[in-house]
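Have the viewer open as you read.

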Amino acid sequence: MRSLNVLVLEDNAFQLMALHKMLNAIQVFNVLTADSVEVAQQALANRGGVDIAICDLQMDGQDGLDMIRFLAKYRLARALIILSGTDQSILDGAAHFARSQGILVLGSLCKPMSLEALCQLLETYQNLVAQDAQSLPLKQISQRFSLEELHQLAPGQRISDAGMFEQWVAYYQPKVSLEGQLAGVEALVRWQHPIHGLMSPGQFMGAVESAGLIEPLTWRMLELALTLSSRVLRERGERLPVSVNIPPSMIERDDFARQVLALLGRFGLPANVLTLEIVENPSLQTTAAHLEGLLRLRMQGCHLSIDDFGTGASNIQRLLQLPFSELKIPAEFVRGIGDNGRKASVVAGALFMAQKMALSVVVEGVETACDYRALQELGGLTVQGYFIARPMSEVDLLCWIEERTNLGGLVKAV
């Protein structure tokens with residue numbers, strides 16, 4: 001962890017010294033310290049941004065919320081750890097406030113911070129940076145392109161729409177049971193661009209959506225995911241369940257269900273290998289035709305997942321309106337669950353409700369052994385996240401499955 005740059009904002013001299021010594025003890029030596037928001041802001045202005053800011057909330061004068069707003073405005077920290085002696089509800093509220101400003105929050109912890117908790121949070125950050133830069137929603141992490149820029153191959157040369165569609169590729173993130181058995185994979189889009197290289201969704205999705213190309217992109221992901229599933233069925237004789245994110249504009253179309261079933265038929269796959277993850281949106285209309293199409297898919301065996309449950313438009317009302325078979329709990333409710341009883345209660349409550357409604361539950365964003373162990377205590381879950389495996393290409397995924405199958409038929413968390 002020698003290369004990390006860390007800012008510690010703490011107005012208690014003893015706590016400030018203790019945190020500084022902890023960081024040094026785990027080989028983090030590039031540490032800026034400040035006992036007030038004003039000093040912290042000046043230090044960042046003089047020295048430049050940091051990887052991680054560790055911020056107290058309560059202090060005289062400007063407080064931690066002022067610091068969070070400053071970090072968000074000037075993009076001077078890639079990630080944030082909130083540390084305070086206040087109530088957990090206030091800590092959770094501050095974390096939500098920071099995320100609403102576009103900041104990656106690694107954790108919101110009560111004082112005093114333990115060395116173990118600090119190590120886990122820094123490890124989480126390094127995993128996020130090393131494995132998937134898109135997880136850091138800051139401007140300096142990922143350059144965003146317009147569709148016109150993405151069409152350009154060279155001066156005077158343009159990529160055709162057909163050529164562009166071929167550059168959309170799928171990366172797959174495994175989902176496993178708490179016993180380690182492979183439960184399926186989620187297909188995540190990437191753009192293999194001839195000039196800009198492999199791009200994450202944050203770099204191009206805005207341009208794709210603005211150009212009205214989200215539906216062609218989604219059909220491309222469906223085809224790639226089903227191609228993988230059919231390959232595994234053909235070569236291994238096993239069914240590999242696949243999940244694909246579906247925007248509301250598609251499921252509102254009268255012929256959506258028919259097209260999905262036709263696609264499954266073309267690949268010779270049973271409908272129960274496919275899970276459609278509904279990317280919620282307040283404008284989603286639950287019309288009779290819309291509901292009929294989703295019911296037809298469910299009757300044929302397709303699974304329907306309510307994505308990011310508990311955030312945005314994904315709520316209990318929507319859960320009751322549509323024929324969901326799966327509830328997906330987002331990373332923000334899971335990150336740090338091992339040290340946060342409130343988060344554990346929320347996940348346990350969602351699990352209890354899902355069990356009463358005969359819904360399966362998938363938890364995403366599992367990044368540490370501590371969080372994984374906390375979920376094991378709850379039981380009855382499927383999990384995905386960097387603690388299990390990061391998103392990978394089809395070739396790498398098949399190798400990953402083969403290696404773990406050879407270890408005894410179980411997919412081990414790594």
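**A walk through the predicted model**

Start with helix α2, which spans residues 37–47 and has Val37, Ala40, Gln41, Ala43 and Leu44 as its buried residues. Looking down the axis of α2, you will find these buried residues within an arc of 160 degrees, so they line one face of the helix. What do the buried residues of α2 pack against? Their partners are the strands β1 (5–9), β2 (30–34) and β3 (50–56), together with helix α3 (64–74). Keep in mind throughout that this is a predicted model.

Now let's follow the backbone. Just after α2 comes glycine 48, with a positive phi of about 95 degrees. As a rule, most residues other than glycine have a negative phi, and most peptide bonds are trans. With that in mind, three further places are worth a visit.

Arginine 75 is a residue other than glycine, yet its phi is positive, near 55 degrees. You can find arginine 75 in the loop between α3 and β4 (77–84). Is arginine 75 buried, partly exposed or exposed? Its relative accessibility is 21%, so arginine 75 counts as partly exposed; the buried class ends where the value is no longer under 20%.

Alanine 358, again a residue other than glycine, has a positive phi near 60 degrees. Its place is the loop between α14 (341–356) and β15 (360–363). Alanine 358 counts as exposed because its relative accessibility is 68%.

The next stop is a peptide bond: the one from lysine 111 to proline 112 is cis, with omega near -5 degrees. Proline 112 belongs to the loop between β5 (104–110) and α5 (115–131).

At 2% relative accessibility, serine 243 counts as buried. Which residues does serine 243 contact, once its neighbours within four places in sequence are left aside? They are Lys175, Val185, Glu186, Ala187, Thr275 and Glu277.

Finally, the aromatic rings. A pair of aromatic rings is described by the distance of the centres and the angle of the planes. The count of aromatic pairs in this model comes to six. One of them joins tryptophan 219 and phenylalanine 256: the ring centres are 5.9 Å apart and the planes are at 50 degrees, so the pair is tilted. Tryptophan 219 lies in helix α9 (residues 214–236) and phenylalanine 256 in helix α11 (residues 256–267), so the pair ties together parts that are 37 residues apart in sequence. Phenylalanine 256 is buried, with a relative accessible area of 3%.

Tyrosine 372 and phenylalanine 387 form another tilted pair, at 5.1 Å centre to centre with 40 degrees between the planes. Here tyrosine 372 comes from helix α15 (residues 369–378) and phenylalanine 387 from the loop between β16 (382–383) and α16 (394–405), so this pair ties together parts that are 15 residues apart in sequence. Tyrosine 372 counts as buried at 9% relative accessibility, and phenylalanine 387 counts as buried at 17%.

To end the tour, select Phe165, Trp168, Trp191 and Phe204, which form one aromatic cluster.

Conventions
Residues are numbered from 1 along each chain as its sequence is written. This is a predicted model: local features need pLDDT of at least 70, side-chain atom pairs count only at pLDDT 80 or more; totals for chains, interfaces and linings use all residues. Side-chain values use heavy atoms; hydrogens and water are left out. Buried means under 20% relative accessible area, exposed over 50%, partly exposed in between (1.4 Å probe, protein chains only). Helices (H or I, at least four residues) and strands (E, at least two) are DSSP runs, numbered from the N terminus. The arc is that of the directions from the helix axis to the C-beta atoms. Contact means heavy atoms within 4.5 Å. Rings of Phe, Tyr and Trp (its six-membered ring) pair if their centres lie within 6.5 Å; planes under 30 degrees apart count as stacked, over 60 as edge-to-face and the rest as tilted.
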